[in-house]
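Please keep the sequence and the structure in view while reading.

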Amino acid sequence: MTKRMSLFSVSMAVIVLTFMLAVSSVNISAQDATPTPAPTATPIVADIGSGGTHISFWNGLTGSDGVTLNEMLAGFAAENPDVSVTVEMIVWNTLYQKLQTAFVAGTQPDVFLLHASEVPQYASYGVLRDLGDQYTSGGGWLPDEDISETTMSGMVWDGVIYGIPLDNHGRGLWINTDMFEAAGISTDPASAPTTYEGWVELFQLLTLDANGNNALSPDFDPENVVQWGYTVGEWPNVNFLAALYQNGGSFLSEDGTTITVNSEAGIAALQQAVDLVYTYHVSPPAAGFDTWQGFGAGMVAVLPTGTWYRNQSLLQTDIHSMAWPNWQFGAEPATWFGAHTFMIPATTEGEKLDAVLRMIEWVSANQVIWASSGQVPARLSAQAELDAELYPSNILLGQNFSEYGIQDPRTTVTQELLTLLDVGLQEALNGIKPADQALNDAAALMQEALDRQ
Amino acid sequence: MAENTGQRLTEPRRFALPFKLNLRTREALAAYLFLTPFLIFFAIFFVRAAFSSFELSFYDWRLLRPNRPYVGLDNYVDLFNDPIWWDSVRNTIYFAALTVFGTTSIGLLAAVAVTRPVRGQGFFRILFYVPQLMSVGAMGLIWNWLLSTQFGVINYLLSFIGIRPINWLGDPNLVIPALSMSTIWWSFGFPMLIFIAGLQSIPEHLYEAARIDGANARQIFFRITIPLLRPTILFVTVTGVISHFQVFGQPYIITAGGGPGRSSWTVIIYLYQQAWVAFRMGYGAAVAVAIAMIMAVITVFQFLLISRRVDY
């Protein structure tokens with residue numbers, strides 16, 4: 001027994017140590033070849049400036065875009081020495097919760113940045129300041145015509161303007177140019193297919209098994225894929241929204257009272273994504289595959305991501321990549337985009353309000369700098385100023401947003417609806433439920449949530 | 001003969017109460033006096049919060065919505081008619097059963113192993129307990145990597161014996177066992193510590209008597225160690241069920257909030273979704289009350305099942 005126990009101890013020790021050591025030794029071979037520069041850490045809380053008028057500013061820019069914003073705020077503080085800003089960067093999901101509890105407790109920040117899709121929710125609670133007077137139509141400094149109509153529509157709820165947009169951020173593709181060239185596919189964005197069948201063929205050419213056969217080859221082994229043409233697991237919600245509208249569907253009925261994602265067009269849109277996994281074998285299932293890691297490790301040829309991927313792509317010096325427009329699976333092009341939006345609590349007044357408005361105006365006037373975060377400046381004049389050499393992805397994807405961009409549905413329960421939809425999409429993309437059942441189940445729950453609003 | 005100096009040993013003066021208390025009452029009062037700071041804290045932050053939560057469960061309250069209509073038992077009726085709630089309960093029971101069994105059995109075996117006079121006893125005790133010191137965030141990220149289909153070390157090691165990559169976190173049938181496996185690795189150190197204490201309290205003469213009577217190691221383990229550890233096993237399983245029934249961090253981090261789909265939704269994930277994503281605070285409170293009731297029932301059942309008098 002003692003010997004057995006000793007053996008048990010040693011075995012357990014080996015297991016514990018193996019896992020601990022394994023974690024520290026995990027490396028991805030493709031990333032080993034050339035060391036990449038370490039990304040700059042985004043400070044979670046940053047005190048900027050030393051002026052006597054102190055304002056607090058919460059946002060969810062925890063990526064490299066947060067670094068860019070802090071640099072911009074340092075520029076603002078230098079020109080406005082009477083103002084100091086404490087910036088808190090909180091991951092989006094936590095920010096949604098923290099903001100609501102802060103409003104209940106009366107400890108809300110003086111200004112915060114959320115997505116345009118959250119304007120209806122906060123506006124309906126009556127906690128936001130009317131910002132109509134900041135636009136030229138209301139006697140303010142921001143020319144209305146400098147913001148696109150689609151972006152502007154996101155700032156408004158019940159006829160009142162509650163937001164000032166910082167950017168347009170949205171969906172595009174990042175392609176591995178080496179893989180395209182190896183497969184004999186042009187990397188010119190203008191050559192991108194315009195049908196589902198065309199995109200499937202492109203993904204098939206880019207999907208390779210361990211023997212080097214692509215997914216069009218009769219000898220292709222779908223159980224042993226080493227290079228995926230595409231990956232469906234990257235934020236399925238926004239992929240689905242694009243495919244939904246491309247196929248002629250909609251999220252809500254025209255009167256906004258009925259969920260319509262499970263229409264014939266919606267089911268067709270989801271089935272297209274499911275087929276990429278289980279029929280054409282050009283994408284791994286959604287769960288258990290880290291899409292960014294996969295692209296960075298040279299295992300994915302086409303990564304559906306967004307404007308925010310620009311800086312990540314620059315860090316991956318061993319992966320040659322470039323932005324492409326979003327795929328087109330239906331009859332019409334469509335791609336999802338949103339807008340980071342400044343909102344001011346109704347309680348911010350006096351000197352603080354003046355400082356907040358000056359800060360927003362300064363950042364808005366310097367939106368060209370914001371392009372280095374990867375996002376597309378919201379002001380059309382700033383978009384026009386972008387250097388094509390420095391900001392090709394911002395320009396390409398920004399044009400797509402203006403031409404055929406679609407946004408999240410505008411309801412007071414949008415986050416809840418998208419969360420419920422996401423579960424349904426995951427169920428279909430992981431083979432748990434057929435597409436129609438997954439979408440019908442999700443739609444039923446979404447309708448209940450919509451009815452409760 | 002000692003000289004009487006006229007001095008008397010002084011005793012601390014006692015505060016004279018206007019009424020007489022017996023010794024037992026005085027001791028009880030003293031105990032409560034010492035407990036008072038904790039009880040005040042407990043009353044404000046736990047008891048009051050629990051009652052508030054119970055009261056809240058009868059209202060329909062969106063966090064920022066100014067009105068809060070009374071809805072009676074509607075939240076409970078909705079809850080018990082929600083199939084997702086029952087799926088979450090089933091997932092949680094499955095996870096808790098696997099994990100409590102795993103942590104208890106491995107913790108017991110580890111305790112027996114490191115209680116024996118083996119070389120490096122202290123090293124093994126520390127090593128087995130170290131994972132317990134990690135935050136759930138760190139553990140979750142580590143296991144998210146370990147279980148990754150494409151990049152995971154577990155699949156990498158399995159490939160040496162010809163096993164193709166397993167989609168641990170994407171297969172609805174594997175995801176709960178995978179989460180349980182990670183949790184057992186993380187948390188068997190605590191039961192091990194409790195079992196070590198339990199093993200050390202078993203009188204050595206019982207083992208000596210058994211050996212003299214010719215009992216082998218297996219008989220000693222099952223006839224002496226296990227029966228005399230029953231109170232410890234009860235404690236470990238009760239605290240384990242309470243702890244693992246409230247699992248949240250592992251599915252939230254390792255399976256990105258309970259995926260794939262809702263395959264690893266637990267009752268606390270369900271509560272979180274309702275209260276902190278949908279901001280349905282009244283409904284969330286009803287979920288919390290229901291979870292407390294389920295845990296109370298399970299705990300009573302465990303007490304009835306395992307708690308029997310143990311005589312040494």
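Two residues are taken to be in contact if their C-beta atoms, placed from the backbone, lie within 7 Å. The model is a predicted one. By this criterion, 40 residues of chain B are in contact with 39 residues of chain A. On the side of chain B that touches chain A, at least two residues each come from helix 3 (83-115), helix 4 (121-129), helix 5 (136-146) and helix 13 (267-277) of chain B. Helix 3 of chain B gives the most to that side, with five residues. By residue class, the side of chain B that touches chain A divides into 27 nonpolar, nine polar and four charged residues.

The two chains may now be taken in turn. Chain A has 18 helices and 16 strands. Its radius of gyration is 24 Å, close to the 22 Å that the globule rule gives for 453 residues, so chain A is as compact as a globular protein of that length. The C-alpha atoms of chain A fill a box of roughly 70 × 60 × 50 Å along the principal axes. Buried residues account for 50% of the 453 residues in chain A. Of the contacts in chain A between residues at least 6 apart in sequence, 77% join residues at least 24 apart.

Within chain A, six strands form an open sheet of mixed pairing, in the order 1-3-2-4-14-7. Strand 1 (45-48) and strand 7 (164-165) of chain A each have a single partner strand and stand at the edges, so one side of each is left without a neighbour in the sheet. Strand 1 of chain A runs antiparallel to strand 3 (residues 83-89) of chain A, and four bridges join them; A:V45 has A:E88 in strand 3 of chain A as its bridge partner. Helix 13 (residues 350-365) of chain A packs on this sheet, touching strand 2 (53-59), strand 3, strand 4 (111-115), strand 7 and strand 14 (340-343) of chain A. The direction of this helix makes about 55 degrees with that of strand 2 of chain A.

Strand 13 (residues 335-338) of chain A is covered on both faces: A:T335 and A:F337 on one side, and A:W336 and A:G338 on the other, are all buried. Two bridges join strand 13 of chain A to strand 8 (residues 167-176) of chain A in the antiparallel sense, and A:G170 stands opposite A:F337. With strand 16 (residues 405-406) of chain A, strand 13 of chain A pairs in the parallel sense over two bridges; here A:W336 stands opposite A:I406.

Chain B has 14 helices and zero strands. The radius of gyration of chain B is 27 Å, well over the 20 Å that the globule rule gives for 312 residues, so chain B is more spread out than a compact globule. Its C-alpha atoms fill a box of roughly 95 × 70 × 35 Å along the principal axes. Buried residues make up 36% of the 312 residues in chain B.

Leaving aside its neighbours within four places in sequence, A:L270 is in contact with A:F240, A:L425, A:A428, A:A435 and A:L439.

Definitions and conventions. Residues numbered from 1 in each chain as written. Chains lettered and ligands numbered in written order. Predicted model: local features only at pLDDT ≥ 70, side-chain atom pairs only at ≥ 80, totals over all residues. Nonpolar A, V, L, I, M, F, W, Y, C, P; charged D, E, K, R; others polar. Pairing = 2+ DSSP bridges. Axes fitted to C-alpha atoms, helices over the stretch in contact; angles between N-to-C directions. Rg over C-alpha atoms; globule rule 2.2 N^0.38 Å. Buried ≥ 20, exposed ≤ 12 C-beta atoms within 10 Å, placed from the backbone.
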